[in-house]
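Hi,

Here is the structure I promised to pass on. My notes follow below it; have a look whenever you have a moment.

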Amino acid sequence: MEEFLTSNGVQFEHHDLMTDEAARIDLDGRGIKAAPVTIIDGSEVIIGYYPKKLIPALNLEVTPDHGSRTSWMAEKYEKILRATMRAARQLSDEQLLVEVPWRPERVRDTIVHIISFPELAWRSHEHGSMSTDDMRACRERLAEVMTADQITSYGDGVVADLARFLNSGNTEGFERVVPAHYGGEVTVLELLNIILSHSTHHLKQVYWFMETELGVEPQDRATEEDMEGIFTPAQLI
């Protein structure tokens, strides 16, 4: 267990569910099966990364700094998505169709997933959501994106669109609150931050699968510096 103190004097504890048996028992007793979860004063429960609820509940002072945050995200997204495209170009058409072990899909599906979710996240400022229906429609729209060349062409467009949006200074778009399958009700910038972590985690999985199952050593892979500041789960699969 780690103890923290916020700038407002709010004290809280962090429990690692991988090692803290008492914390797991407590959550089981409450019927909570998802993480992360925040429990305030022993009674108020907030499941997931839900800033709209967490900030007022923890009495946090948050001053948006869109300029530095958006430029950082634009840079990180370019590094992660271009690394994903480089990985795709190392694989043959046949290798792209090999099934992966972490879900019923192919390597191609994971790679397109890595690129398409950031597109869905930034476009949520236009149509107001990143729902399961939005994700389903996206999969159908990209069903014919199969080869490394097609993936790269699509990815180039997503990188350009993301940079354009993140560097636009569109405060209204950044702060629009949208319902999302990932994160609950979050601002578009919060959603983009969540999806950056999500895509980076999947890229690490792709690297692992290339090395261990396909016998392909990733070339010019995303570096630790490229991933610095991006949270990903410690457990790969």
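What share of the contacts with a separation of 6 or more comes from residues 24 or more positions apart? In this protein they account for 62%, where contact means heavy atoms within 4.5 Å.

Some ground rules. This is a predicted model, in which local features need pLDDT of at least 70 and side-chain atom pairs count only at pLDDT 80 or more, while totals for chains, interfaces and linings use all residues. Residues are numbered from 1 along each chain as its sequence is written, and side-chain values use heavy atoms, with hydrogens and water left out.

The protein has 10 helices and six strands (DSSP runs numbered from the N terminus: H or I of at least four residues for helices, E of at least two for strands). Of its 237 residues, 42% are buried, meaning under 20% relative accessible area with a 1.4 Å probe, protein chains only.

Now the core. The largest nonpolar core holds 55 residues, and Y77, I111, L166 and L192 have the most contacts inside it. Such a core is a set of buried Ala, Val, Leu, Ile, Met, Phe, Trp, Tyr and Cys residues joined through side-chain atoms within 4.5 Å. Helix α9 gives the most to this core, with 12 residues. Leaving aside residues up to four places away in sequence, L166 touches T70, M73, A74, Y77, F174, L189 and L192.

Finally, a helix pair: S116, F117, E119, L120 and H127 in α5 meet D134, M135, C138 and R141 in α6.

Best wishes

Terms used: Buried < 20%, exposed > 50% of the residue type's maximum accessible area, 1.4 Å probe, protein only.
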